Amino acid sequence: MALNQLTQKFRDIGWTVRDSFADNTTRKRIIKISGIAVGAVIAIMILIMIWWSMTPDRFDPLNNAQVTASEQHQQFVTGYTSTTTLITLVQTLLDKPGGYITNDVMPPSVWMDNMPNWEFGVLVQVRDFSRALRNDISRSQSQSLEDNDLAIAEPQFNFNSDSWLFPPTEREYRKGIKALQSYRQRLSNDSDNDAQFYARADNLSGWLSIAGKRLGSLSQRLTASVGQVRVNTDLSGDPEALQSTPTAAEVVSKTPWNEIDDVFFEARGTTWALIHLLKAIEYDFNDILRKKNALVSLRQIIRELEATQETVMSPIILNGGGFGLFANHSLVMASYISRANAAIIDLRDLLNRG
């Protein structure tokens, strides 16, 4: 009897050890499978983020407009290239890989910040040009009526850029696209005299003034990546000028370290959009530019801006000193933008001459 009880105890101990071993094996297997699954999800998310962070390819505004006119069976008239380019810029924002991600609230878009800043840079140029198109380029004089479609499109593009629902940003921007397409259709219709595109020197100079101010602001923000003591020149040139509140004679300007890449990619988006708009302007305002002997100046601006789109070989945006061991990508970008801005000033001077 005692022998049987002892044997039974050994059996119970054996089963317990085997069950414990089996539990440990199962637990390890579950942990291993879970780790592999989590790793795979992270890897997929990273690949998607890299794919969605790629800047869309540039396109030829003139060829794009000609193909569109042929497909839509519309006449290729003055202003068609610029209007089509503006439409294509907005469509690119909405239809590129990943779509428009500034207003996304789900992974992996919510973890990305470079592409949303790039999108904002493009959006600023879309807003500026649509405003110039509505207020100046489509009107013969200040007392003339504004175009009904452009009066719809311009505020649509100024809708909140990060609205996720009620309504989503994409829906409002597509309404703006439809209004621009309606304007373009009427523009190419000989029997509709209400839609116009006036390729005049003063209209072009007005829009270039806005573009130059955008580039000037970006140049200052990019240069401030290393910190800069700037002499206050806010009231220079006018001894009787006043301002609302006094400021110091010297102003310290520095972009926070965690915003450096944000400003850099906003500048990339701005210059990407500006390249296409300037190329469209080169065609639509070609006669005026040739008459003012300013065509070469415009092409030089485009060339300076194209240099901002070179591939960044570093995986991160470096913030080295101006003459330090490591590169400072912001200063390089600021250099090209400053030169383009200076060329815009010269171009406006040519356009404003009689």
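**Loop between α3 and α4**

I started at Pro108, which sits in the loop between α3 (80-95) and α4 (114-137). This is a predicted model. I checked the peptide bond that joins Pro107 and Pro108 and found it cis. Its omega is about 0°. For background, I noted that most peptide bonds are trans.

**Loop between α5 and α6**

I then looked up Pro167. I found it in the loop between α5 (148-157) and α6 (169-187). The peptide bond from Phe166 to Pro167 is cis. I read omega near -15° for that bond.

I stayed with Phe166, which also belongs to the loop between α5 and α6. I looked at its backbone next. Phi of Phe166 is positive, about 55°, and the residue is not a glycine. I reminded myself that most residues other than glycine have a negative phi.

Is Phe166 buried or exposed? I looked up the relative accessible area of Phe166 and got 79%. Exposed means over 50%. Phe166 is therefore exposed.

**Loop between α2 and α3**

I moved on to His73. I placed it in the loop between α2 (61-72) and α3. What is the phi of His73? I read a value near 55°. That is positive, in a residue other than glycine.

**Recap**

I have cis bonds noted at Pro107 to Pro108 and at Phe166 to Pro167. I have positive phi noted for His73 and for Phe166.

Definitions and conventions: Residues numbered from 1 in each chain as written. Predicted model: local features only at pLDDT ≥ 70, side-chain atom pairs only at ≥ 80, totals over all residues. Heavy atoms only, no water. Helix = DSSP H or I, 4+ residues; strand = E, 2+ residues; numbered from the N terminus. Buried < 20%, exposed > 50% of the residue type's maximum accessible area, 1.4 Å probe, protein only.
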